[in-house]
Amino acid sequence: MSADTGAGEADAGARVGVIGAGYVGLVTGVCLASLGHRVVLRDIDEAKVERLNAGDVPIYEPGLEALMAEHRERLEFTESLKRLLDASEIVFIAVDTPPTYSGDADLSRVHRVLDELQATGADARHVLVMKSTVPVGTGERLRAELDARGLDGVGYCSNPEFLKEGAAIADFLEPDRVVIGDFRPEDGDRVEALYAPLGAPIMRTSVPSAEMVKYASNAFLATKISFINEIANVCEEVGADVDVVAEGMGLDKRIGPAFLRPGVGFGGSCFPKDVAALKQLAGNSGYHFQLLTSVIEVNELQKRRVINKLKKHLETLEGRRIALLGLAFKPDTDDIREASSLVLAARLLAEGAHVTAYDPVVNGLGERLAGVEIHSSAEGALAGAHAGVLVTEWRSIVELDWSAVRPSMATPLVIDGRNALDPASMLDAGYVFEGVGRLPEALR
Ligand code: UGA
C-alpha cells in the first residue's frame, strides 16, 4: 500500500479522495486511478477497509477487482479522514442516500461527512464533489452550510454518476456524458480536468441543474420501462407481440431501442428510490407529479402480474411448488435491493405456495423470506416444481438445457418474466409457456 503523499508529485495525475467505498465510491476511485490519478478511498467500515487493502473487492462488479489490482499502486484505503484530506485536493462524496419513510432522500450520512470535514480541517485546497444522488437544492443548502461553518474556501461541485450495476466500469470510462455543476468555474475546471483523458462530452452547468439531470434521467428511463410494460399488458389483450412492437418503435430515432424491454418491473437501489424522491421533491414544492405516480404504480402491479398468470394455469397456489429463477434485480449483480423477486416470493408465500429459488450469485433472501428454499442449481430449484418463473435473465439460466429439465418438474409450466427464452423452443420442449406481452398461441 502506498502511504507516501510525496510520491504523488511524481505523477501527472491529480490527488483525489473518495469518501465512502461503497458501490459508487469504489468504482469511481478505481476508475480515476486507472486514468492516472492518485486516489485515497476512505470508509468508516474497518472490516471493509481491511478487505480492500488485501485486494479483495467486497461487491460483485465484473472487471472491478482486476482493474483495482492493475492500478493498486495509485490506490490507498483508509479509515482516516485526516489521511484523505492530507493526501487529496479533490474530494468526492459517495456515501449512500437511502429513502426515508416519506420517500425523501436521507441525507444524514452527507451531513455527518460535513461535520467531520469541519472537525478534520478541510480548507481552501479542497473541492468537494457530490457523486451521491441528492435532491435538487441540496448543493445550494450544503454550500450555505459550508459558508456558515467558516469553510467558505472549500469548493463544491455536483457530478452525478450514471453507472449501471454490472456495467459500471464501461459506463465510467466510456460515458455518454459527464455532467459537472459548480458555484465557481475554477472548481468545475479542476473536476473537468480529472475526466480529460476520457475524451467524453462534458457538460458544465449550475449545481441544481446537474442534480436535476440525474433525477430526470432516471425518472425518464423508469417511465420508458413502465410504458413498455403497459404496452405489453395491452398486447396480451389484443394478441400483439410486444417484442415486435418494441422493435418497431425503437427504429424511430426519436424513441430509440434502449429500455424498451418489458418484464416483471424495474428494481435496484436507484430507479425505485430516485423516482420516489423526485415525486416527493415535486410534491414538497406543491407540484403533483402525476406521470411519476403512475410509473411507480404500474411497476408495482407489474411485479404481481406473474401471480395471476400462475393462478390461471394452476388454479390455486396453495401447496404448489414454485421455482423462482434469478433473484438479483438484474443479471450480473448480487444486488437484491427492491428486486421483483422479493415481492414475488412474498406474494407466493402469502398464497400458501412452497417457494424454491436459484440465483448464480445471490444465495439468500434474508430473514423475512426465510421460507424460501434456496438451491445451488436451477435444476435443483425446478425439480418437482409445478411452475418455474424466470425472474432475472442470467445467461446461465436462459441457456439451461430446458428439455432435460422438463421431466423432473411436477407440471411443465414456465412463465418467462423477461421474454428471454425462445418461445418456439420452449413449446417444442413440451412446456406450457408464457412470456410478457405475447400470447402463448401467437408465439409459434
Ligand atoms: C440505473 C441507471 O441505468 C443508471 O444510469 C444510473 O446511474 C443508476 O440507475 C443510478 O442511479 O445509480 P441500475 O439501477 O444499475 O442503473 O440498473 P439498470 O440496468 O438501469 O436497470 C434497472 C432496472 O430496470 C432493472 O430491474 C432492469 O431489469 C429493469 N429494466 C431495464 C427493464 O425492466 N427493462 C429495460 O428495458 C431496462
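The domain assignment divides the chain into domain 1 (15-204) and domain 2 (220-443). The model described here is predicted. Between the C-alpha centres of domain 1 and domain 2 lies a distance of 34 Å. The two domains touch. Domain 1 brings 14 residues to the contact, and domain 2 brings 17 residues.

The size of an interface is often stated as the accessible area that is lost when the parts come together. For domain 1 and domain 2, the buried area is about 1,200 Å². Carbon and sulfur atoms give 52% of this area. On the side of domain 1, three residues stand out. Tyr-60, Gly-103 and Glu-165 supply 47% of the area that domain 1 buries against domain 2.

Zero salt bridges run between domain 1 and domain 2. Three residue pairs, both members at pLDDT 80 or more, are in polar contact across the two domains.

Salt bridges do occur elsewhere in the model. The structure holds 34 of them. One pairs Arg-83 with Glu-76, with the closest N and O atoms 2.7 Å apart. Both Arg-83 and Glu-76 are buried. Another salt bridge joins the side chains of Arg-305 and Glu-236, again with an N to O distance of 2.7 Å.

The largest nonpolar core has 46 residues. Within this core, the residues with the most contacts are Leu-310, Ile-322, Leu-348, Trp-402 and Tyr-431. Ile-322 shows what such packing looks like. Leaving aside residues up to four places away in sequence, Ile-322 touches Leu-310, Leu-314, Leu-317, Leu-348, Ala-353, His-354, Val-355, Thr-356, Ala-387 and Val-389. Leu-310 and Leu-348, both partners of Ile-322, are also among the residues with the most contacts inside the core. A second core is separate and has 39 residues. Its members include Val-39, Leu-64, Leu-163 and Ala-168.

Methods
Residues numbered from 1 in each chain as written. Predicted model: local features only at pLDDT ≥ 70, side-chain atom pairs only at ≥ 80, totals over all residues. Heavy atoms only, no water. Core = buried A, V, L, I, M, F, W, Y, C linked by side-chain atoms within 4.5 Å. Buried < 20%, exposed > 50% of the residue type's maximum accessible area, 1.4 Å probe, protein only. Contact = heavy atoms within 4.5 Å. Domains from an automatic or database assignment. Buried area = accessible area lost by both parts, 1.4 Å probe. Salt bridge = Lys/Arg side-chain N within 4 Å of Asp/Glu carboxyl O. Polar contact = N/O pair within 3.5 Å; in protein donor to acceptor, adjacent residues only side chain to side chain.
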